[in-house]
Structures are given as structure tokens and as C-alpha cells.
Amino acid sequence: MNTVILGVQFGDESKGRVADYLAPNFKYAARAAGGANAGHTVVLDNGTKFVTRLLPSAISHGHIKCVLGQGMVIDPNVLLAEIKDCENRGISIRNRLYISHNAHLVMPYHQYLDGMREDKTSSRIGTTRKGIGPTYEDKCRRNGIRMEDLLEPHTLESKIWRAVVGWENDIPTTTPVNKLYNDLMVCADVLRNNICDTSELLNSTDEPILFEGAQGTMLDIDAGTYPYVTSSSTTIGGILTGAGVSHKKIGKVVGVFKAYLTRVGAGPMPTEIFNSDADVIRDIGNEYGSVTKRPRRIGWVDLDQLRHAITINGVDELAMAKMDVLSALDEIKICVKYFDDGEQLRPIYKLMPGWKSDISHCTKLSELPLAAKDFFNAIQEELPVPITLLSVGAERSRIIQI
Ligand code: IMP
């Protein structure tokens with residue numbers, strides 16, 4: 001059944017891990033939105049870590065056809081580096097990679113603009129500085145460069161001129177259009193045969209598709225904590241428009257969340273932890289940005305926010321990740337709802353005793369220590385859909401199917 005994996009918190013929920021786990025059941029893996037602001041870490045059984053930024057996380061499964069959808073913004077140099085990295089690992093990708101002709105290119109001036117704004121603005125968003133926002137801006141003002149333009153060298157240079165002129169007050173006047181053009185033509189030589197109509201490809205196949213969402217629901221340009229959001233649709237609608245498929249192509253939506261909360265960059269996070277528990281979770285969970293290496297902000301799991309994300313995405317099932325990270329804590333909090341004190345919403349917590357023992361060897365729910373089972377059940381009771389996957393360790397196999 002065609003399945004969508006979506007992040008239902010602030011990103012970094014371990015979507016890559018879940019995609020990698022589910023991949024054997026699918027023939028296609030498709031990304032729909034975002035770009036190299038994503039960093040999906042997959043840990044292989046031999047302990048090797050593998051981070052994908054543009055390619056779907058299911059890439060390491062040799063039978064999977066990988067699709068980069070039309071809603072994506074693609075830095076061609078990052079893509080080439082990622083393809084090379086795969087090849088160095090013995091993962092051949094070129095003959096099973098399909099890049100939408102409609103996807104937009106992240107250009108060097110987009111990255112310049114993103115970084116410059118972050119440096120200059122007092123109220124910064126805390127972006128990944130990968131040029132994501134400015135690329136979507138060019139897309140919306142109909143001034144972007146698309147993958148299909150790589151196939152049309154005779155019009156490409158004038159399109160770059162037009163785009164550069166569009167930013168003339170914001171980027172250095174010496175921006176070398178010839179160099180931009182020549183660099184793109186090098187990329188075109190490698191990618192030419194992979195560029196196609198991926199919407200047509202996905203709509204016409206009967207083989208099962210895994211749609212991999214990027215970022216998380218609360219970073220969605222419309223549904224998220226605006227303006228502290230990314231520039232794409234990270235929710236279910238973004239999968240449809242970004243992959244270019246009909247809603248009838250979607251069989252199931254799996255929402256992925258962590259047993260706690262993290263956020264990178266600025267913006268509201270009502271359950272944020274400001275004591276040493278945050279450091280413990282950050283260190284054990286290795287909660288540092290996989291793209292930017294920034295320490296992630298840490299909070300308690302927020303079920304009110306999760307219920308909202310489940311509703312707006314039509315989530316059918318949930319995967320709860322990284323429960324093992326909480327094993328060192330004496331006490332764990334679960335935000336079950338909010339209380340309006342007239343001035344602001346305040347989280348109401350359920351306090352749970354910690355289990356203080358290693359749970360990574362557990363292969364069934366029944367093998368968890370009692371306090372860990374209680375924690376799991378306390379979360380499940382408050383949510384309207386079942387948690388069907390639970391990760392209890394970093395290795396590929398440490399997932400309990402429920
Ligand atoms: P941008 O997507 O680089 O424009 O960043 C906008 C906001 O989204 C910032 O707060 C980033 O930290 C956040 N963000 C973007 N991509 C990710 C991600 O993959 N995981 C977590 N946060 C992200």
C-alpha cells in the first residue's frame with residue numbers, strides 16, 4: 001500500500017530511520033518538498049552511519065527507484081556529491097534516480113542571500129543557510145531555474161541573467177553569470193538522463209510507493225509556527241503537490257515522532273527543558289543538527305501538538321522514536337494538554353517515573369520494564385491512532401513492531 005511518512009513535530013523525528021525500516025516493502029521512494037536543509041540519518045546494521053540530504057532515505061536498498069519530486073528545491077552540487085558518496089559506498093544510484101523536470105535549482109546566490117539575511121537580521125529564523133527560502137521566493141515570483149532548464153542550454157543563460165537581475169539590490173553586482181552557467185552545464189552532463197516527468201511516473205505505476213516527508217508539521221509554511229518555519233509544505237498537502245500525485249495514490253499516512261521534542265532554530269516551544277535533563281537527552285540522543293551541527297533545543301513530548309498534527313495530516317499510524325534516550329532520567333514529563341491562564345497557554349504535565357535501565361535489547365512491548373511500559377501506554381492512551389512502531393536503539397534492527 002502506498003505509504004506517506006511524515007514528521008509530526010519540528011523535524012528530526014527519525015523519519016529516515018522509519019523509511020529505511022519500511023523500504024523492503026516498496027519499489028519507489030519519493031521525496032516531495034524541501035531540499036538539502038534535510039538530513040536523514042540511517043544507521044546500517046554494521047554500525048555505519050549514512051546521511052542523505054536530497055536523496056530518499058531508502059536509497060541504500062538497491063531495489064528502490066528514487067524520485068526527487070517537483071516540489072523540491074535541489075542544489076545540483078549537493079546532489080552530485082551525494083551521488084558520488086553513494087557510489088563510494090558501493091551503492092549504485094544513477095540508473096534508478098528520477099529527478100522531476102519541474103524541481104527548482106538552489107543557486108549560489110540563494111545561499112548567499114539566506115546567509116546574509118541570517119547574519120543581518122536581528123530577529124533571525126535560524127535557517128540552515130542552504131538557500132531554501134530564497135529559492136522558493138524565486139519559484140513563487142516565477143523567476144526560478146528548473147531542472148528542465150539544464151536540458152535547454154540555449155535559454156539557460158538568459159534565465160540566469162533574469163534571476164540575477166531580480167536580486168540586483170541584494171547580491172554582489174559582480175555575480176558571474178558565465179560561471180554560474182558553466183557550473184550548471186557540468187551538472188547537466190551528469191544529471192541529464194535522470195531528469196523526467198516524475199509526476200507521470202508516479203501516477204502511472206502500480207508498484208508500491210513510499211513517500212518520504214521532510215522537516216516536520218510544525219515547520220510547515222502554512223500550518224507551522226510562522227514565521228519560524230521552513231518555506232515549503234511539510235504536511236500531507238505538500239506530498240500531493242510536491243510529488244504531483246492524486247490523493248487517490250495515498251493508502252496510508254504514518255506520523256513519526258520522538259518520545260521527547262527537539263527544535264533547531266528560533267520559535268515557540270512551550271515544553272522546552274531548561275535544566276540538566278536537556279543536556280542528558282541532547283548528549284545521549286546526539287541531538288545536534290545533522291546538516292548544521294547546531295545543538296538542538298530539547299523539550300518534553302507534547303501530545304496536544306501531536307493530536308493537532310494527527311488531525312491535519314490524517315495520520316493513520318504512528319512511529320515513536322528514540323524512547324531509549326530517556327532511559328537515564330529519574331522522572332519524565334508528558335505534556336497532555338494546555339491550560340489557558342488568561343495570559344498564555346501553559347503545559348499541563350503528567351509525571352512518569354523513569355525506568356533507569358537499558359531497553360535497547362527489547363524486541364517486544366512485553367519485554368519493556370514496567371515503568372517504560374507505563375510511559376508508552378500513557379502516551380498511547382492520549383492519542384487517537386495506534387503507535388505501531390517503537391524504536392529503542394540506534395541500530396537499524398532496534399525497532400519493535402506493535
Ligand atoms: P530553512 O528550511 O533552512 O529555511 O530553515 C527554516 C527553519 O526550519 C529553521 O528553524 C531550521 O532550523 C528549520 N529546519 C529546516 N530543515 C530542518 C530539518 O530538516 N530538521 C529540523 N529543522 C529544520
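This is a predicted model: local features need pLDDT of at least 70, side-chain atom pairs count only at pLDDT 80 or more; totals for chains, interfaces and linings use all residues.
Modeller: Start with a cut-off: a polar contact is a pair of N or O atoms within 3.5 Å.

Colleague: Which ligand atom lies 3.2 Å from an N or O atom in the side chain of Q215?

Modeller: A nitrogen atom of the ligand. That distance falls within the 3.5 Å limit. D12 has a side-chain N or O atom 3.1 Å from a nitrogen atom of the ligand. T128 places a polar side-chain atom 2.5 Å from an oxygen atom of the ligand.

Colleague: How much of the ligand's accessible area does the protein cover?

Modeller: On its own, the ligand has 470 Å² of accessible area, and the protein covers 96% of that.

Colleague: Which residues around the ligand come nearest?

Modeller: There are 15 residues around the ligand, and D12, N37, T128, T230 and V264 come nearest. Look at the charges.

Colleague: What is the general idea with charges, and how many salt bridges are there here?

Modeller: Side chains of opposite charge can pair when their charged atoms come close. In this structure the count comes to 25 salt bridges. D12 belongs to a network of them, linked with K258, E287, R296 and K322.

Colleague: Take K258 and E287. How far apart are the closest N and O atoms of this salt bridge?

Modeller: They are 3.0 Å apart. K258 sits in strand 10, residues 252-258, while E287 sits in the loop between helix 9 (276-284) and strand 12 (297-302), so the pair ties together parts 29 residues apart in sequence.

Colleague: Is K258 buried or exposed?

Modeller: Buried means under 20% relative accessible area. K258 has 0%, so K258 is buried. E287 also has 0%, so E287 is buried too.

Colleague: Which residue forms a salt bridge with E272?

Modeller: R297 does, with the closest N and O atoms 2.8 Å apart. E272 lies in the loop between strand 11 (260-263) and helix 9, and R297 lies in strand 12, so this pair ties together parts 25 residues apart in sequence. The relative accessibility of E272 is 18%, so E272 counts as buried.

Colleague: And D341 with R346: what N to O distance does this salt bridge have?

Modeller: Their side chains meet at 2.5 Å, N to O. D341 is partly exposed, at 31% relative accessibility. R346 is partly exposed as well, at 38%.

Colleague: Move to helices. How do I read a buried side?

Modeller: An α-helix has 3.6 residues a turn, so residues three or four places apart point the same way.

Colleague: Which residue caps the N-terminal end of helix 9?

Modeller: N275. One of its side-chain oxygens lies 2.9 Å from the backbone nitrogen of D277. Past the other end, just after helix 9, N286 takes a positive phi of about 50 degrees.

Colleague: Where is G267 found?

Modeller: In the loop between strand 11 and helix 9. G267 is buried, at 17% relative accessible area. Leaving out residues up to four places away in sequence, G267 touches Y228 and R297. G267 and Y228 are 39 residues apart in sequence, yet their C-alpha atoms are 5.2 Å apart.

Colleague: Compare another glycine. Which helix holds G242?

Modeller: Helix 8, residues 236-243. G242 is buried, at 2% relative accessibility. With residues up to four places away left out, G242 touches A32, G69, Q70 and G71. G242 and G224 are 18 residues apart in sequence and 18 Å apart, C-alpha to C-alpha.

Colleague: Last one. What polar contact does the side chain of H110 make?

Modeller: One with the side chain of T135, at 3.2 Å. H110 lies in helix 3, residues 108-120. H110 is buried, with a relative accessible area of 1%. Beyond its neighbours within four places in sequence, H110 is in contact with L105, G131, P134, T135, D138 and W167.

Definitions and conventions. Residues are numbered from 1 along each chain as its sequence is written. Side-chain values use heavy atoms; hydrogens and water are left out. Helices (H or I, at least four residues) and strands (E, at least two) are DSSP runs, numbered from the N terminus. Buried means under 20% relative accessible area, exposed over 50%, partly exposed in between (1.4 Å probe, protein chains only). A polar contact is a pair of N or O atoms within 3.5 Å; within protein, one must be able to donate a hydrogen and the other to accept it, and residues adjacent in sequence count only if both atoms are side-chain atoms. Contact means heavy atoms within 4.5 Å. A salt bridge is a side-chain nitrogen of Lys or Arg within 4 Å of a carboxyl oxygen of Asp or Glu. A residue is near a molecule or strand if one of its heavy atoms lies within 4 Å of it. Accessible areas come from the Shrake-Rupley method with a 1.4 Å probe; for residues, only the protein chains shown count as cover.
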